[in-house]
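I opened my notebook today to look up a few things, one entry at a time. Come along and check each entry with me.

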Amino acid sequence: MHTDGPGPGGPEAVPGEPHEDVPGEPHEDTVATRCAVRRRQLGLTREELAHRAGMSVAYLGQLESFSGDFDPTALMRLAAALEMPYDELAEGPREAAPGQREAGPHPLLAQLPEDECWRRLGTHGIGRIGLSATGSTPVVLPVNFLVDGRTIVYRTEADGAAAPAEGVQVAFEADHIDEQLRRGWSVLVAGTAEHITDPGTVHSLAARHGARPWAGGKRDLWVRIRCSEVTGRTIHTR
């Protein structure tokens with residue numbers, strides 16, 4: 001594509017350009033439609049946008065079509081004129097990172113009964129173990145876990161960061177977030193860590209679905225958390 005000199009001149013319509021001003025007409029998510037939507041949000045005519053970007057209306061139409069080769073510098077000028085990020089104009093808006101969407105209307109925060117806490121823990125396989133050694137900085141680490149009766153079990157390296165000493169107090173947390181419905185839950189467990197050494201128990205746990213750690217490697221230490229307190233909360237909207 002050849003660059004065009006500055007200037008707002010040129011025809012109002014460009015052959016092959018989408019008719020973005022027709023109300024209710026369906027469009028694919030393209031540079032042209034993203035440009036048209038943003039231009040209307042800013043209250044600009046096509047001529048005004050072309051003038052802002054320092055290009056002719058005809059060249060603006062070529063950029064909007066985004067077919068074949070294009071001039072990234074010119075598209076960058078167009079993004080600046082539209083007051084939007086270059087990547088968003090060229091590729092479309094990116095999905096918001098978890099937790100960055102607006103809160104739902106009329107949120108309700110409620111406590112979960114203990115039985116419901118254990119039921120929800122049983123539906124998940126990734127949680128976070130919280131450890132605090134004397135004289136050391138507390139750490140929170142993700143682990144694959146299983147629910148075994150009313151205990152939490154996971155496997156790790158014997159000398160790894162997620163390996164607590166026998167008998168120390170630990171915390172464990174698992175949660176779930178539904179970004180679309182703006183709802184979720186979390187369960188927090190406090191208890192005492194113990195090492196599982198019985199070969200039969202180790203063999204039985206290792207055979208269960210979800211027992212293999214995602215991190216891989218040799219993880220021969222099985223840890224059981226004997227729970228002293230289990231609390232949970234859920235948030236949803238009316």
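**Entry 1: a term to begin with.** I call a residue buried when its relative accessible area is under 20%, and exposed when that area is over 50%. Partly exposed covers what lies in between. I also note that this is a predicted model.

Entry 2: I looked up C35, and it is buried, because its relative accessible area is 0%. Then I turned to C227, which is partly exposed because its value is 25%. How many disulfides are there? I counted a pair of cysteine sulfur atoms as a disulfide if they lie within 2.5 Å, and the count comes to zero.

**Entry 3: the whole chain.** I found seven helices and eight strands in the chain. Of its 238 residues, 34% are buried. The accessible surface comes to about 14100 Å², and carbon and sulfur atoms hold 54% of that. I also looked at contacts between residues at least 6 apart in sequence: 68% of them join residues at least 24 apart.

**Entry 4: helix 4.** This helix spans residues 72-81, and I listed its buried residues as A74, L75, L78, A79 and A81. Why do they sit on the same side of helix 4? They cover an arc of only 160° around the axis, so they share one side. On the face turned away from that buried side I found the exposed residues T73 and A80.

**Entry 5: after the helix.** I moved on to E83, which follows helix 4. The phi of E83 is positive, near 55°.

Conventions
Residues are numbered from 1 along each chain as its sequence is written. This is a predicted model: local features need pLDDT of at least 70, side-chain atom pairs count only at pLDDT 80 or more; totals for chains, interfaces and linings use all residues. Side-chain values use heavy atoms; hydrogens and water are left out. Buried means under 20% relative accessible area, exposed over 50%, partly exposed in between (1.4 Å probe, protein chains only). Helices (H or I, at least four residues) and strands (E, at least two) are DSSP runs, numbered from the N terminus. The arc is that of the directions from the helix axis to the C-beta atoms. Contact means heavy atoms within 4.5 Å. Accessible areas come from the Shrake-Rupley method with a 1.4 Å probe; for residues, only the protein chains shown count as cover.
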